[in-house]
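Here is a short report on how two parts of one protein chain meet. Look at the structure, then read on.

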Protein chains: 2
Amino acid sequence: MKKKKIVIALGGNALLRGDQEGTIEEQEKNTYDTLKNLIYLIHEGHNVVISHGNGPQVGNILMRNDAGMELYQIPQMPLDVCVADSQGGIGYMIERVLRNVLKEEGLKRDIITMVTQNVVDKNDPAFKNPVKPVGKIYNKETADKLAAEKGWIFKPTQKMENGWRRVVASPEPIEIFNVDTIGRIVEGGTIVIASGGGGIPVYIDENEHVRPLEAVIDKDKASALLAAKIKADEFYILTDVPYVYIDFRQANEKKLEFLNRADALKYMEEGKFGEGSMAPKVQACLNFVENGGGKSIITESTKLSDKAYGTKITMEYED
Amino acid sequence: MKKKKIVIALGGNALLRGDQEGTIEEQEKNTYDTLKNLIYLIHEGHNVVISHGNGPQVGNILMRNDAGMELYQIPQMPLDVCVADSQGGIGYMIERVLRNVLKEEGLKRDIITMVTQNVVDKNDPAFKNPVKPVGKIYNKETADKLAAEKGWIFKPTQKMENGWRRVVASPEPIEIFNVDTIGRIVEGGTIVIASGGGGIPVYIDENEHVRPLEAVIDKDKASALLAAKIKADEFYILTDVPYVYIDFRQANEKKLEFLNRADALKYMEEGKFGEGSMAPKVQACLNFVENGGGKSIITESTKLSDKAYGTKITMEYED
């Protein structure tokens, strides 16, 4: 079998389920199960980069920063540092569990975890309309105080009366630091864990200095960019459903086994995918195939090794 | 000039001073100053690995975990995950600031930050006598409760009445994951940031699985092992004093410009170095030179570029 270069973006249930508390035992168990499901790719000899989400973890880190300030007056870290912290903690967990899975499977591979900064454009239109909720839910008084003190932007939550939540922008990733190094290392057979949580958001200022930003980069888009930049053959997004559907959970719901660019664009225009959920994932896959990537697959982590599952996204339908 | 391979361990004031609050602005400013002081090594064309301490940062992360549990019932992460978080946050900060320093200095180098696990022996005698204080100071009642719940070990603090602090073991590092990869990358000219906070402590169990440990590895010893394993020419420990002294802060204090193995061993036996402070640093340097390392230097980060300063530790005195 031809040795392929594959980027896998772990999300959703792959690391922590919404119904779980978030203990390290839960996270390690989920990670173990997920890695067991993708280990066949290593058995087949492919070269693999693993990226991952950080939603619940960085949410907890932000809450702990808030609590540490309130109880012990420990200075809070900005969002970029919290994302970096989460890359350290989650990346370490994936690396350690993967080392054990490799051992169990009789496989030998090096694994390295890289802390990754991803560059966005400071003038990205997303900064005009921040929509990504982060951190805890505050009452109006505290939200107003924090807005004045820190310049944070708050929006009322939809689920709670009098609840206000900080929102940050979700700009497009345009560059990934060390992407050439990542490519070289993975081509040598080492498994690389990188670009966690969409990467640490930075921009390049007018003096060509790297500056931090309080933003969250969509992890699937960041992973798609990484996959395109290292010229990956395949790009997988692991999520909570086995297929992409149109009209999901409606009477006329239809699962898609194959999806080409033209149909994907048409469905997106028609609003056939979930706005904040499946649409950006399909867009990330399109970004990958439009930039020379081979094939993109969206599926559930437990279904990964069964090739009957998953929506295969390509430029054109294969004959 | 011959291109040397150099490992630099940043500690003490290099990242955060004891009299500072711990804001990100303070940390970035200190990091910038430190990197400006060592940038001459890059101008001279050497290949550099940077390791770093994490004392105040991981202390704050532990306190935030405690506060997050108390205020919001967010599950606490174990010490290994907290160390990993700190590697992500500190490594990112060093990498970003170093990218800007390189730009200011007209230098071009790649920089990568690796999350690093360091292996210890589960039967290390240090586990029989944990001495390294971590986390917050508790009252007796809470300390007893945590001891019963989590198996943590507490010792009374010397400075406060009724204060109890968790102590963990500080075992010897015996292996560093990915050390061959680190060596290869740094030999290619890329600056590598690795082994932060002494590395994430793990051990290998009877099934050859990698398991976490609640311990803190001395960062200088871990960095010395890394330096020896990659066959570094020089190993620097940056601390808060310009030299190693014997009888420090006593009437007969004497600064040492040069120190060979025989004299270092003699002084250590005589207790001439501070037990918890300078003695382990000198020991780390001895570990390096005994394992084939060329020269080890202990000095203050602000004095690094002035070669008149610093204690040079070698196997034998040079003629």
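## A bridge across the interface

The rule finds 1 salt bridge across the interface of domain 1 of chain A and domain 2 of chain A. Keep in mind that this is a predicted model. A:Arg166 forms a salt bridge with A:Glu214. Their closest N and O atoms are 2.4 Å apart. That falls within the 4 Å cut-off, so the pair can count as a salt bridge.

Polar contacts were counted too. Between domain 1 of chain A and domain 2 of chain A there are 2 residue pairs in polar contact.

## The domain 1 side

Which helix gives the most to the side of domain 1 of chain A that touches domain 2 of chain A? Helix α3 of chain A does, with 3 residues. This helix covers residues 55-72. The residues of that side of domain 1 of chain A divide into 5 nonpolar, 1 polar and 2 charged.

## The two domains

Where do the domains lie in the chain? Domain 1 of chain A is assigned to 5-121 + 172-313, and domain 2 of chain A to 130-168. The contact takes 8 residues from domain 1 of chain A and 9 residues from domain 2 of chain A. The C-alpha centres of these two domains lie 27 Å apart.

## The buried area

The size of an interface is often given as the accessible area lost when the parts come together. Here domain 1 of chain A and domain 2 of chain A bury about 690 Å² between them. Carbon and sulfur atoms hold 63% of it.

Three residues stand out. A:Asp66, A:Glu214 and A:Val216 supply 48% of the area that domain 1 of chain A buries against domain 2 of chain A.

Technical notes:
Residues are numbered from 1 along each chain as its sequence is written. Chains are lettered from A and ligands numbered from 1 in the order in which they are written. This is a predicted model: local features need pLDDT of at least 70, side-chain atom pairs count only at pLDDT 80 or more; totals for chains, interfaces and linings use all residues. Side-chain values use heavy atoms; hydrogens and water are left out. Domain bounds come from an automatic or database domain assignment. Contact means heavy atoms within 4.5 Å. Buried area is the accessible area (1.4 Å probe) that two parts lose on being put together, summed over both. A salt bridge is a side-chain nitrogen of Lys or Arg within 4 Å of a carboxyl oxygen of Asp or Glu. A polar contact is a pair of N or O atoms within 3.5 Å; within protein, one must be able to donate a hydrogen and the other to accept it, and residues adjacent in sequence count only if both atoms are side-chain atoms. Helices (H or I, at least four residues) and strands (E, at least two) are DSSP runs, numbered from the N terminus. Ala, Val, Leu, Ile, Met, Phe, Trp, Tyr, Cys and Pro count as nonpolar, Asp, Glu, Lys and Arg as charged, and the others, Gly among them, as polar.
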